[in-house]
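Me: I would like to learn how to read a helix and a core in a model. Can we go through one case step by step?

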Amino acid sequence: MTLIQLTTSSSRKIAARLLRMLLRDWRVVFALTVFVAIGCAALVSPFITDTMTATDTGRLLRGPGPGHLLGTDNLGRDIGARLVGGAVVTVQVVAIAVGAALVVGTVLGLLAGYLGGWVDAVVMRTVDGLIAFPLLVLALTIVAALGPGVNNALIAIAVVITPQFARLVRGEVLSLRTRDWVAAARIVGVPTPVLLYRHVLPHLAGTLLVFTALQASTAVVAEGALSFLGLGVQAPDPSWGAMVASGTNYLSSNWALSVFPGLALFLTIAAFNLLADALRDVFDTHRTN
């Protein structure tokens, strides 16, 4: 058996062990349950578009009950159907905004940390400038410049999260690039892109998984805030943040209009944070064993 085969076999055993540890953690089970529910809602959403937009003028601001399990809003639209439709935005935020920030931030951090010099100076001064602004203030500024809308909100969220990934990865690479195995790879002539992708990046996997979960919760909060202020998803498309905002004017008439989308946001944010805690504990335990 070759060294590569031994390494691959060992990596698979470690991955299987970590997966078993995760699946025994109630925090992971809770997070997966929430994510599956959101994913199913996003898949169902295109098939209930008519239900989301249909108005029942005879039942305005009705509380939960027969016909409308979660009640209706001020236009007589079904809250439950719009809650399902809002899951699409959450999936977009995590998949597109956080995914783009993860890829771009990781690449910038790898280059800045490994190459150093002017590359590090340019990247990190830009990162420092962006991080100097409070996250929501910067997101609001970007959306205000680009105009309201879900696409511009996704761009804004990606822009404000990318520097966080870049700084994290750069710090990790600074400590890894002095390791003996990195020097050995350079001596034998391994190209820099291959060295970073095949040798350095795998050592960052655990840290990036934990940080991505944390940043996903931040992104959901940012999207909810932008939609709450009317700068994110635009009517008549549903968004949990926009639903909470519209419900604040009718709390005395129908509490469900704000409570249920607010609960959806809370559960989603809690799921990502609990998942991050569980991942951190598992990877820390693996490192100490």
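Reply: Start with one residue, and keep in mind that this is a predicted model. Thr106 lies in helix α4, residues 79-115.

Me: Is Thr106 buried or exposed?

Reply: The cut-off for buried is under 20% relative accessible area. Thr106 has 8%, so Thr106 is buried. Setting aside residues up to four places away in sequence, Thr106 touches Ala101, Phe165, Val169, Leu201 and Leu208.

Me: Which residues touch the most other members of the largest nonpolar core?

Reply: In general, nonpolar side chains in soluble globular proteins tend to be buried together. Here the largest nonpolar core has 64 residues, and those touching the most other members are Leu110, Ile157, Ile161, Val173, Val200, Leu204 and Trp240. Helix α12, residues 256-288, gives the largest share of this core, with 13 residues. A second, separate core has six residues, including Val119 and Val127.

Me: How far apart are the end C-alpha atoms of helix α5?

Reply: They are 21 Å apart.

Me: Which residues of α5 are buried?

Reply: An α-helix has 3.6 residues a turn, so residues three or four places apart point the same way. In α5 the buried residues are Val119, Asp120, Val123, Met124 and Val127. Seen down the axis, these buried residues fall within an arc of 100°, so they line one face of α5. They pack against α4 and α7.

Me: What does the face of α5 turned away from its buried side carry?

Reply: That face carries the exposed residues Trp118 and Arg125.

Terms used
Residues are numbered from 1 along each chain as its sequence is written. This is a predicted model: local features need pLDDT of at least 70, side-chain atom pairs count only at pLDDT 80 or more; totals for chains, interfaces and linings use all residues. Side-chain values use heavy atoms; hydrogens and water are left out. Helices (H or I, at least four residues) and strands (E, at least two) are DSSP runs, numbered from the N terminus. Buried means under 20% relative accessible area, exposed over 50%, partly exposed in between (1.4 Å probe, protein chains only). Contact means heavy atoms within 4.5 Å. A nonpolar core is a set of buried Ala, Val, Leu, Ile, Met, Phe, Trp, Tyr and Cys residues joined through side-chain atoms within 4.5 Å. The expected span of a helix is 1.5 Å times one less than its number of residues. The arc is that of the directions from the helix axis to the C-beta atoms.
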